[in-house]
Amino acid sequence: MATAAGVAWKLKGTVIVACNCDFGCPCNFNALPSSGKCEGGWTWHVEEGSFGETTLDGLNFSVFVNWPGAIHEGGGEAVILVDERADDAQREAISTLVDGGVGGPWGILAWTWPTVHGPKPVPYEVEIDDVNSRMRAGTSVEIESGPIKNPVTGAEVHPGAVLPEGLIFKSGNFGASTIFRLTDEVSYDHSGKYTAVAPFEYTGS
């Protein structure tokens with residue numbers, strides 16, 4: 001594992017979240033996942049970022065995991081993807097972050113996925129438009145998000161949450177996936193389930 005204790009870093013941007021839970025995702029509220037296990041993950045689009053002297057502006061990276069139970073029970077198998085535009089220093093910086101040794105949300109979560117495939121460099125296509133955001137990472141993952149719709153009338157609803165203690169984001173909007181497919185060493189299809197799109201800002205040293 002890469003380590004870089006004492007290196008100052010910061011990231012700011014937008015995160016796209018998708019998983020197998022019902023809309024809203026109970027994990028946001030310290031409850032168990034809808035089906036008793038979690039299959040999902042996050043894509044971070046970095047608008048401004050640095051790790052020491054290495055600039056991370058404009059890059060994307062993802063962690064998608066199949067956990068056998070709730071996230072906090074561990075035992076997950078992860079696929080980690082990194083923007084193919086990243087140079088060696090940028091790829092090493094992102095790898096160090098998601099390893100969890102320098103803090104951020106990965107410092108709390110990385111132990112829950114002891115089996116890791118990657119980080120793998122892939123081309124990203126990312127369009128950020130609130131809950132209408134979409135992303136594709138090579139042939140590994142595709143997410144298209146849209147608004148949640150009332151099952152009776154079809155009217156759009158626009159829920160969200162403020163999560164002061166949230167690990168991934170502090171305030172975000174909730175949507176529904178029209179497409180959420182992961183095809184890699186870990187594979188699943190949870191189209192029609194929970195998504196969230198939110199700003200994030202993390203710092204560490």
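**A close look at Asp83**

Analyst: Let's start with a pair of side chains: Asp83 and Asn60 are joined by a polar contact of 2.9 Å. Keep in mind that this is a predicted model. The side chain of Asp83 has another polar contact, this time with the side chain of Arg85, at 2.8 Å. So where does Asp83 sit? You'll find it in strand 5, which covers residues 77-83. Is Asp83 buried or exposed? Its relative accessibility is 1%, and buried means under 20%, so Asp83 counts as buried. If you skip residues up to four places away in sequence, Asp83 touches Gly58, Leu59, Asn60, Val122 and Tyr124. Notice that Asn60, the polar contact partner, turns up among those neighbours too.

Now hop over to Ser50, which is in strand 2. With 18% relative accessibility, Ser50 falls under the 20% cut-off and therefore counts as buried. Setting aside neighbours within four places in sequence, Ser50 is in contact with Ala8, Trp9, Lys10, Leu11, Thr55 and Leu56.

Strand 2 also matters for our next stop, the largest pocket, because it gives the most to the lining there, with three residues. The volume of this pocket is about 710 Å³. Its lining is made by 29 residues, and those nearest the centre are Cys27, Asn28, Asn30, Ile71 and Leu167. Which elements give two or more residues to that lining? They are strand 1 (9-19), strand 2 (39-51) and helix 2 (104-109).

Last stop: the cysteines. A disulfide is a covalent bond between the sulfur atoms of two cysteines. How many disulfides are there here? The count comes to zero. Take Cys21: the nearest cysteine sulfur belongs to Cys25 and is 3.9 Å away, so with a cut-off of 2.5 Å, Cys21 is in no disulfide. Cys21 is also buried, with a relative accessible area of 0%. Cys38 is in no disulfide either, because its nearest cysteine sulfur, that of Cys19, lies 5.1 Å away, and the pair would have to be within 2.5 Å. Like the others we've checked for accessibility, Cys38 gets its own label: at 4% relative accessibility, it counts as buried.

Methods: Residues are numbered from 1 along each chain as its sequence is written. This is a predicted model: local features need pLDDT of at least 70, side-chain atom pairs count only at pLDDT 80 or more; totals for chains, interfaces and linings use all residues. Side-chain values use heavy atoms; hydrogens and water are left out. On a 1 Å grid over the protein atoms alone, a cavity is a set of points where a 1.4 Å probe fits but cannot get out, and a pocket is an open set with protein on both sides within 12 Å along at least five of seven lines; lining residues have an atom within 4 Å of a point. Grid points are joined across faces, edges and corners, and a volume is the space filled by probe spheres set on the points. Helices (H or I, at least four residues) and strands (E, at least two) are DSSP runs, numbered from the N terminus. Buried means under 20% relative accessible area, exposed over 50%, partly exposed in between (1.4 Å probe, protein chains only). A polar contact is a pair of N or O atoms within 3.5 Å; within protein, one must be able to donate a hydrogen and the other to accept it, and residues adjacent in sequence count only if both atoms are side-chain atoms. Contact means heavy atoms within 4.5 Å.
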